[in-house]
Every structure is written in structure tokens, then in C-alpha cells.
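Colleague: Could you walk me through this model? I'd like to start with the sheet and then move on to a few other spots.

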Amino acid sequence: MSAMAADMLAAYYGRGEDSSKLFESLEISRAKSYRKYLNQYDVIKVNMQEFFSTTASMDEMLWILQARIIADLKRAYPDYVDGSHLVFVMQDIFAFTKHPFVVLIDEWDCFFREYQQDKEAQKKYLDFLRAWLKDKDYIALAYMTGILPIKKYGSHSALNMFTEYSMTEPGDLAEYFGFSENEVRALCEDYKMSFEETKAWYDGYRMVTHTEDGDRCYSMYSPKSVVEAMLRHKFGTYWNQTETYEALKVYIQMDMDGLKNAVIRMMAREGVPINTGTFSNDMTTFATKDDVLTLLVHLGYLTYDGALGTVTIPNKEVSQEYVNAVSTMEWQEVIHSLEASRKLLESLWDMDGKAVAEGIDLAHNEISILQYNDENALSCTINLAFYFAREYYTVIRELPSGKGFADICFIPRKLHMDKPAVVIELKWNQTTSGVIAQIKDKHYVDALKDYRGNLLLAGINYNKKTKKHTCVIEKMHKEN
């Protein structure tokens, strides 16, 4: 998608030809400044991955990069190009033509991702970019795309002339980081695909723009995954073919205090508070678990809610990568819980309260890292124990007023309406008697107000003294 954005900008700014027909039906054509900048600049477009892949060192890459750009400039301006230093060449051209350049750099951070330990080469690369682009009259716009924010050295950035827009700080570009919900809904109609399933698989990236009128929240979808699903008419994991679960595995099993606990909680659909401010914008410098989690946000394995300051796993597609990673690690307790979740869900459908209670006991005992100290911890265990429910349901957690319970709702998606909806009420050091009546008194909670069909009401209590769960289940049919 970043390459497509660079191509679009090149077409808009480039002086080579009239590109107005490409944009006349788009929203940009209605902007007041549209004609002012259209086809007004010489554009230099660079894909850093191409140069990086064909060279053996940073020195060689920078030499070839400058030589190729100068060669292109000499073809365009044969009378003005004399020399082999890119900065001086561009200064000379601008002195004669008075036409500033737009420089577009795609995958600017590829070197940081591939050679994570070569600090000297990284600094040399940043110094080159600064010398080429910073405070130069010949630069009208420099636009760089990549995964990582700009690397910090010491107390400041080597490229502090850029305004950065990232997965943690999207600014006023938040709504353009992926496909919007309306765009995905339209694609689903065109390709006759279920929007509800598309949302479960590929939604979940929450982007926030902070304004003087309050926060604006956008729900972003992974463009590559949505396009692949539409063209193939099949929901599956497509985004993660660009990264493998092995990459995720490296980071989530790092020896960081609290990291494993945070990952388990997120797999159970919990949000985890983090501080993104200490991240060094590279893939090797980690002081705390928050630095690791911040990197996972930039890699797309987590989404960051700027309004709440929390991270979560965005959707079903990415959740599968966590399952794949954990299945090859030494987290046996989590693996067992995930494997048992299918059987636990079947016990719930069979209304086998004893089996459900025993299954949750097992999950709680195995995942000892989740110590019960409040209803949220109980809810986390239930969510992880019923992990497989996401195959069929939209899982919604509600937090009613009052102390001692939290509700979890399983609402079947349209493709799985043969499954019953489920309301689970959690109790802490109480009894299950009367739990079903209390669920009914709450009118099934707001999440089920429009649901019609079979409904299971389940009350689950944890007795702190016996360290056992009990469960009662009742079936009914909801008409209105």
C-alpha cells in the first residue's frame, strides 16, 4: 500500500504530464489547493529496498543511490548537471530552474529491519538523509514510508525536520491508514461477501485523531487482507504472509517482566496499558515490556488505542498468528487451554454445567500466571478458556454497574445462526443460585437487544476458599 501511495503522489506532483483525469473524480479534486500543486514539481521516487537488495554495504548502497539519481537528473537537465555529489547537483539545478523537487522514499527503514545490530551503518544512513533533505531550498516536499518511526539517537532524532504519522500517533491522517468501514462495506456488497465476517477477520485497528473538539476514532482494515479475501471469495490469513509467526515469536518470548502476562491477557481479549514514549524506534533496544509491545504495534501485531492508552490484538487474522507462535513455544499451559477451548464450547452447547466448571478449573490451574484478585482476572480466564468461541461468535464483554460480576456475551454471526447466543454472568465468592434470575432481570444486557433466537444463560461462580468454579446453564428462546 505504501508503494501505491508513493505512485499516487508522484502522479499528482510530477511535471511530466497532465494527470488531472486520474484525480478529477476523487475527493482531492474538491480541495481548494488542488490545482495549485497539481503537476508542478520534479519528482524523485526511490524504493530503498531495491538499492539495499543489490548492494553489500551501506557505503556501496549510498554511492549507487546517488549515482543513479544523478544519472536521471542529467538526462532531464543535461546543461546543469556537473559533478558526483547529489546535494550539489540538486542545488545547481534549482539555482537555474527555480523548480523545487518532491522526493518520495518508499521502505526507508528496510536497512533497520534487516541489519538491526549495525549501528554504525544505520547512523551513516540517517546522516546521509539529513544532509540530502534537511533545510534545503531545492526540497518542496520529502515523503518517506516505512514500518518504523525515525530512529532516535541520544536525546533527539537525526531527522527531526519530518512530521511523523505512525501507528501510535496517526495524527490527522488516521482515517487514511487503511480501508475504512464504509469502503469495506461497499466492497462486500460488490463481491457478495459477508461484511460481518470481514469485520471479524480484518477489522480492529483503532486509530485516533485528537482535535480541539475531542477525539475522532476510526476503525481501519488491513487493505491487503480485505482485497485478497474479496478476490478469492474466502476468509483467511493474508496480511501475515508478509511476516511470519516466527517474527512474532521472537518478541513475545523475550525475558521481560510482565510480558508473558500481557500477551496472555491480550489473547483473552483484554486491553493492556502501555507507555509508548520510551520506544527507541528500532528492533533491538528494549528496556521494558512496553517497548516490545510498542514495536508489535508498528509491525501490525497489535493495535494501539490512543484515547485509552492500551494495546489489544486487533482481529481474528492476527489472533491466529499468536496461536501459531505460542504453539511452537514452551507456553504449554496456554497451548493446553487453547486446545481444550473447543471441547469446553461444546460442553456449553450441551448445557453440561459440571463439564464447563471443570474445564474452567483446568484453564485457571494451568494458567497460574493469571492470579485471581478481582472480577477482571476471572473474566480473563473465561475469555481464554472459551477462545474457540470466536470461530462462530462476536464476543462482547460488558461491565454493568455494581460489584461482583461482569457479563460476557457470545452473539452468533450471520453465517453461524444455528448456534445459540450465550450470556455468561460471573460471580466472585457467591453462589450460583439465583444467577439465572439475575441475568433475566438485566434484560439480557444491551448487546442482545436485537437478537432473536435460542439463548443460553450461564452463571459461573468462583469460590476463593475451595478454588473451584461452579456453573449453571439454562436454555430459552428470545422473541423480543
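Colleague: In what order do the three strands of the open sheet run, and is the pairing parallel or antiparallel?

Modeller: Bear in mind that this is a predicted model; in it the three strands form an open sheet in the order 1-2-3, with parallel pairing. Strand 1 (42-47) and strand 3 (139-144) are the edge strands, each of them pairing on one side only, and from one strand to the next the twist averages 10 degrees.

Colleague: How many bridges join strand 1 to strand 2?

Modeller: Six bridges join strand 1 to strand 2, which covers residues 101-106, and N47 stands opposite D106 in strand 2. Helix 8 (residues 119-133) packs on the sheet, where it touches strand 2 and strand 3, and its direction makes about 160 degrees with that of strand 2.

Colleague: Switching to M58, is it buried or exposed?

Modeller: M58, which lies in helix 5 (residues 58-76), has a relative accessible area of 5%, under the 20% cut-off, and is therefore buried.

Colleague: And what does M58 touch, leaving out residues up to four places away in sequence?

Modeller: M58 touches F111, A121, K124 and Y125; the C-alpha atoms of M58 and A121 are separated by 6.0 Å, although the two residues are 63 apart along the chain.

Colleague: Last one: at what angle do the axes of helix 13 and helix 14 cross?

Modeller: The axes of helix 13 (residues 259-267) and helix 14 (residues 289-299) cross at roughly 40 degrees and come within 9 Å, so the two helices are oblique to each other. L259, A262 and M266 in helix 13 meet K289, V292 and L293 in helix 14, a contact with five nonpolar, no polar and one charged residues.

Methods:
Residues are numbered from 1 along each chain as its sequence is written. This is a predicted model: local features need pLDDT of at least 70, side-chain atom pairs count only at pLDDT 80 or more; totals for chains, interfaces and linings use all residues. Side-chain values use heavy atoms; hydrogens and water are left out. Axes are lines fitted to C-alpha atoms, for helices over the stretch in contact, and angles run from 0 to 180 degrees between N-to-C directions. Helices (H or I, at least four residues) and strands (E, at least two) are DSSP runs, numbered from the N terminus. Angles under 35 degrees count as roughly parallel, over 145 as roughly antiparallel, 65 to 115 as roughly perpendicular and the rest as oblique. Contact means heavy atoms within 4.5 Å. Ala, Val, Leu, Ile, Met, Phe, Trp, Tyr, Cys and Pro count as nonpolar, Asp, Glu, Lys and Arg as charged, and the others, Gly among them, as polar. Buried means under 20% relative accessible area, exposed over 50%, partly exposed in between (1.4 Å probe, protein chains only). Two strands pair if DSSP finds at least two bridges between them.
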